[in-house]
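Work through the exercises below with the model open. Try each task before reading its solution.

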Amino acid sequence: MEKLNGDKSGDPRSAETASDAPRVRNLLLRSMCAVYLMAFVSFYCQAEGLYGDEGVLPASRILANGTLKERLSLLQLGPFLGVGAGHEAIDLLCLVGATVAFLGLVARGHCRLLGFIVMWSVYFSLVQISQSFRQQADHLLLEAGFLCILLAPARLTDGRHPMEDIALLLLKWLAFRFMFASGSVKLASGCPLWWALDGLKRHYETMPLPTSYSWYTYQLPDAFHRLCTLYVYLSELVCPWLFFAPSRAVRRFALGWQVFLHLNIIGCGNYGFLSPLVLTLLLTLLDDEDELVGWAHDRLSEEGPRRRPVARPVTRGRPHQQTDVPAPVETDRNGGRYVKAIAALMVVGSWVCFSIGVSNDGQLTLSPNFTRDQYLNVMQAMMRAGPLLVFVLMVRKFLKLLSAQDSVGSLADGMRQFSKNLGLLVSTIVAFTVFFMSIVPHSRLLPSTAISSPVMTRAYGGLHSLYVVNQYGRHLTKMRPMRREIILEYGDDVNGTWHEYGFQYKPWTLERSASLPYGWLHFPRFDFKFYDGAGSKSDAQKWMYPLIQRLLEQRRPVLELLDGRHVPAAAPRYIRTSLYRFAYTGSFTEGGFWTRERLSDYFNVFSLDDAHLQEKLKQMHFPASAPAGQQGGSWNWLLRWLLDAIRRFVGAIEGSYLLIGLFVAAGTLIYTQQQQQQRVGQST
């Protein structure tokens, strides 16, 4: 007799798949594929100008004379494929990674272990050659991607596997570490702006790549900014502890709180895939029975939305048949009370800790009611409590995993169980090793809590060299007193008129239409790096020397990183770099978003034969000029022609629009698959 749920195979695993599908796991893996797609496409759009043979920091240079760590790259396979180790090999890796990520996004069947191993290996190889343009978003993606290898299923199945709960807990712990590190260092640094609750307003003006949304937010009253700064402290220091709450309502409260925070971060700054990645990690706050997870799972499923069956209780007569009534969700009876109590505690605690009041002129005032030493003492306790809490939860899940092992009834069953347990043992060792090593960077947020054990630090260094475990929270420790920007200028006379190179994403001009662009999900590494350069001494930014050389040589790949409307038609004779101070205009000021003032030279005037420039390039082991022609090993003319054709086609599309187009295409494919499955189901 046919099963009432439509399964004619009689396979009990089908019923298990239908009623016990790991929806959170599937949703998280699909979301990770979307984040990988953003990362690969963004890298691809800038790869030739940054790492090609004519780029700013050619990958072939460090592959030839770099450290052992930098040599661990799939780019070494380029000569065997006939494309060398230049930008064509980088293009090939980016396209392979983007293809696997796109397939995983549009079809659940491609979210497998092999796909995540490929994506992690390819992206690790790309990060290895990113050199000065490496950012913390890369570290977070590689760490999260490695944990997804523990989470992803090995076969085309929705069935659960024993490591799922532990892997999800490690991903939740990663989200906790990132958020808590971002918040704890602000007040721990002693920055007066953060202690006066004025740091967020200054951040709107001095963030790496601000948008027009940040300008409009900057114009709001100071009291609003201080309340927002308090909201950030609660988001990063208090809310992450709710990630581990047993109550579903409390976790959903924490999720909504964090979603609101990161949507504002996406609107304010061009951080690329960083906030989408954090939001993906926050999916671990949900469970499979959550209505939101069920809704998202149905929208991404190839079969489309469907009403899930529910089993009726068995009576003495005959069992009730399954009906298409939606399965009741177990209610969290006290969840609403917990949320109200937590919200009340947040309000009262903020009132007490920050002395919220009203001044004589009716303005809202906030000031910390505690000293820096008191804050550091509390942080020490919290940093020790976090790993202890997660360790207890991991041991609990591990014991539950052991108790769920099947009994052995025959020799064949014993062999299968041994093979299964062997893989489980390896995965468990890896999971606990990653957890214990993650305690090392977490403890370094404060000098008083740092782990000094040479065994732990040496083991952490080994995993960190693979970016499996990383340290976060180094950004925004101390706010910059003002915004400085590096402006590139060119001219044909050392004493003559200077013209400015235009940038695509970073502030450089007073024109309203070009000074605060949106990059959306695209991560512009080149423009982002100028933020680091403007906040440090010129000698610390060695990548500027090859950049100046490439501009003096009028290299096309590097010029494509800039605004094509503001580059010279021919190679200039001289280039200089100027340091400007930028400041937001007022809300009632006519004109653009910025005012600017030239402060000083950042670099001296350089020409192509300048002795100082050539000496710096020699110290970097940088070639005097870009190599002509193809490198040795580039014999596969067909593959090179195909890669070049793809780059010429894609190069005409701006990175953010390219990503939007890919996601629209993915959504269209998912919708088309759903419609086809529904038509097939109706016809049968």
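**Exercise 1.** Is the crossing of α2 and α16 left-handed or right-handed?

Solution. Start with the basis. This is a predicted model, where local features need pLDDT of at least 70, side-chain atom pairs count only at pLDDT 80 or more, and totals for chains, interfaces and linings use all residues. Residues are numbered from 1 along each chain as its sequence is written, and side-chain values use heavy atoms, with hydrogens and water left out.

Step 1: locate the pair. Helix α2 spans residues 23–51 and helix α16 spans residues 291–300. Helices (H or I, at least four residues) and strands (E, at least two) are DSSP runs, numbered from the N terminus.

Step 2: take the geometry. The two pack at about 60°, with axes 10 Å apart. Axes are lines fitted to C-alpha atoms, for helices over the stretch in contact, and angles run from 0 to 180 degrees between N-to-C directions. α2 is therefore oblique to α16. Angles under 35 degrees count as roughly parallel, over 145 as roughly antiparallel, 65 to 115 as roughly perpendicular and the rest as oblique.

Step 3: read the hand. α2 and α16 cross left-handed. A crossing is left-handed if the near helix is turned anticlockwise from the far one by less than a right angle, and right-handed if clockwise.

Step 4: list the contact (heavy atoms within 4.5 Å). R23, V24, N26, L27 and R30 of α2 meet V293, G294, A296, H297 and L300 of α16. By class, that contact has 5 nonpolar, 3 polar and 2 charged residues. Ala, Val, Leu, Ile, Met, Phe, Trp, Tyr, Cys and Pro count as nonpolar, Asp, Glu, Lys and Arg as charged, and the others, Gly among them, as polar.

**Exercise 2.** What is the strand order of the open sheet of 4 strands?

Solution. Step 1: the order is β4-β3-β5-β6, with antiparallel pairing. Two strands pair if DSSP finds at least two bridges between them.

Step 1: find the edges. β4 (499–500) and β6 (594–606) each pair on one side only.

Step 2: check one pair. β3 (residues 483–491) and β4 are joined by 2 bridges. Y490 has H499 in β4 as its bridge partner.

Step 3: α22 (residues 525–534) lies across β3 and β6, at about 110° to β3.

**Exercise 3.** Over which residues is the pLDDT below 50?

Solution. Step 1: pLDDT is the predictor's confidence in each residue, from 0 to 100. The chain averages 85, and 87% of the residues score at least 70.

Step 1: residues 1–19 fall below 50, with 11 contacts beyond near neighbours in sequence. Residues 309–330 also fall below 50, with 30 such contacts.

Step 2: where pLDDT is low, the predicted coordinates should not be read in detail.
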